Amino acid sequence: MFILNSKQISEADKATISINNISSIDLMEHAATQCFNWLHSRLQGQGIKIHVFCGIGNNGGDGLVIARHLYQHGYNVSCYIVNFSDKRTDEFLINYNRLKELGEWPPIIKSEKDFPKVAFEDIVIDAIFGNGLTREPEGFTKKLIQYINHTRVFTLAIDFPSGLFSDESVIDTGAVIKAGHTLTFQTPKLAFLLPENKDFVNTWEVIDIGLDENFIKNLNPKSHYITKNEIIPIYKSRNKWSHKGTYGHSLIIGGSFGKIGAVTLATRAALKIGSGLVSAYLPKCGYNILQISVPEAMVEVDNDAALEYYNFKTKATIIGIGPGMGTVEKTALGFELFIKENKLPLVIDADAINLLSINKSLLKYLPKNTVLTPHPKELERLIGSWKNDFEKLEKITDFSKDHNVIVVLKGAHTIIINEDNKYINSTGNPALATAGSGDVLTGLITGLIAQGYEPINAAILGVYLHGKTADLALQETSYETFTASSILDYLSDAILDIFKQDMDQEKIEDDEEVEDGN
Ligand SMILES: NC(=O)C1=CN([C@@H]2O[C@H](COP(=O)(O)OP(=O)(O)OC[C@H]3O[C@@H](n4cnc5c(N)ncnc54)[C@H](OP(=O)(O)O)[C@@H]3O)[C@@H](O)[C@H]2O)[C@@H](O)CC1
Ligand SMILES: Nc1ncnc2c1ncn2[C@@H]1O[C@H](COP(=O)(O)OP(=O)(O)O)[C@@H](O)[C@H]1O
Ligand SMILES: [K+]
């Protein structure tokens, strides 16, 4: 799924209206009716108090459509116009009149004294600002946003939590709605997927409002939200005549005394994702541990307690390096020589990233399309600090271009950056916040590259499956009891799930839905 920026959304709106011969007012009616249906199917006519706050642009227009449907269905609704400007859009005015024709005259909010009483147990619909936000809300509008947030009432945001920009950082964090849920139009917004906006964006879902898909594709958007639809074409099925040589040889390098588990987990992961052969190269102290816990793997050893010589004989297709490796001096020196001489594709994680951060002159030796998998702290050591999440993405993009590498920034929404392209993962949950889950990811990506996946596709697929295991597990286990090994227990389910069709939950409420039109 593409992620569009604010300008691209406006262009797609306009193009859809002219290409598909649909009027702007009908597009709004269709979009906002879907929001009403969403709420109606959940409330089923309950008498709960609903406050609809409408701005004076088209986001406000959506709010007016929703308010009209709510009135017509007998809900206990109050609608208000947040008069932050005397301008009005045509679509706003048409829907304002349609509401008045029902005998409902929304009061105008012009200052703090006009704020209505909102109780914790009510519902607020936030249709104040959407894609047309040009600057931070100020004055009484900002106060209203703070007032709504202060009540801690459940807030359903239409398109955007008001005050949030789609592709730039919020500076005044006191001027953004803290939405309980956001119904956003056509595509996810980059801002929803960044940790700095966690207080404003809770859960969200995309409402397909029928913008012209060909037009959107031709915009050539560089940001992608990775869901099952993007994974299906990446997945490679197996050929009847293939053999283990077809699926490559992964070599996992890492481990140090006390951290043999990290390299063991990565080795198991490379095997479990289907690498034809897997070898591990680790300090001698880990030999028995690895041979016993992963009997399918071959093992070569270095010095006793930490890597030093990197003199393995394995002829690998791909090397995954770093888990549990440590950064002691002799390991750092050996690593430097290894990187300078290595010609094989690499997946670089953990301490291998830390060693590159200490000695950045080594970056020029990395083969093109090397995959680096930092968590935020490792990233900071590598590229320096950032002022906000958008600057962080820019810095990673520059780093990716300068060094011809792919960066997998791990997090709640892991972001994969390959030059100008961003791929943001949709799967995963806090069950993955457990020791060793990053080591497993390294093994998965390595094992996929071994099988012939392009590094970028290996990163996208590996991250998606890694997250999916935790999502599937939560149907039968708790967050707490899920460990890094559980990722591998659920890996098969995650792969099989790629080809399962999801039931459309919303279909259940079909009977309740309102057709477009007033
Ligand atoms: N057919 C369509 O187009 C469809 C559109 N749809 C809906 O339209 C929404 C976009 O509508 P929109 O472009 O009218 O922008 P919106 O967010 O309502 O507000 C803009 C107004 O606010 C003003 N303003 C901005 N910042 C401000 C600030 N800090 N403080 C004060 N004022 C500020 C700005 O004025 P200006 O910046 O020019 O001063 C302008 O007057 C979109 O999110 C979706 O909900 C859907 O129905 C689908 C079909
Ligand atoms: N809240 C979360 N939601 C989704 N994924 C998460 C969450 N927390 C952690 N993860 C995932 O778990 C992994 C943790 O990796 P990392 O921090 O390197 O762990 P470790 O060093 O213990 O192996 C990453 O893939 C990350 O995306
Ligand atoms: K809004």
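**Notebook: ligand shell, core and sheet**

I looked up ligand 1 and found 32 residues around it, the closest being G57, N58, N59, G130 and G132; a residue counts as near if its C-beta atom, placed from the backbone, lies within 6 Å. The elements giving two or more residues to this shell are α2 (24–43) and α3 (58–72). Helices here are DSSP runs of H or I with at least four residues, strands are runs of E with at least two, and both are numbered from the N terminus.

The model is predicted: local features need pLDDT of at least 70, side-chain atom pairs count only at pLDDT 80 or more, and totals for chains, interfaces and linings use all residues. Residues are numbered from 1 along each chain as its sequence is written, and chains are lettered from A and ligands numbered from 1 in the order in which they are written.

Next I checked the largest nonpolar core, which has 148 residues, with V52, I66 and I125 making the most contacts inside it. Such a core is a set of buried Ala, Val, Leu, Ile, Met, Phe, Trp, Tyr and Cys residues joined through C-beta atoms within 7 Å; buried means 20 or more other C-beta atoms within 10 Å of a residue's own. Helix α15 (residues 455–473) gives the largest share, nine residues. Domain 1 (6–221) and domain 2 (231–498) both contribute, so the core lies between them; the bounds come from an automatic or database domain assignment.

Last, I traced the open, mixed sheet of eleven strands, ordered β1-β9-β18-β17-β16-β15-β14-β13-β10-β11-β12; strands pair if DSSP finds at least two bridges between them. Strands β13 (residues 318–321) and β14 (residues 346–348) run parallel, joined by three bridges.

Conventions: A residue is buried if 20 or more other C-beta atoms lie within 10 Å of its own, exposed if 12 or fewer, and partly exposed in between; C-beta atoms are placed from the backbone.
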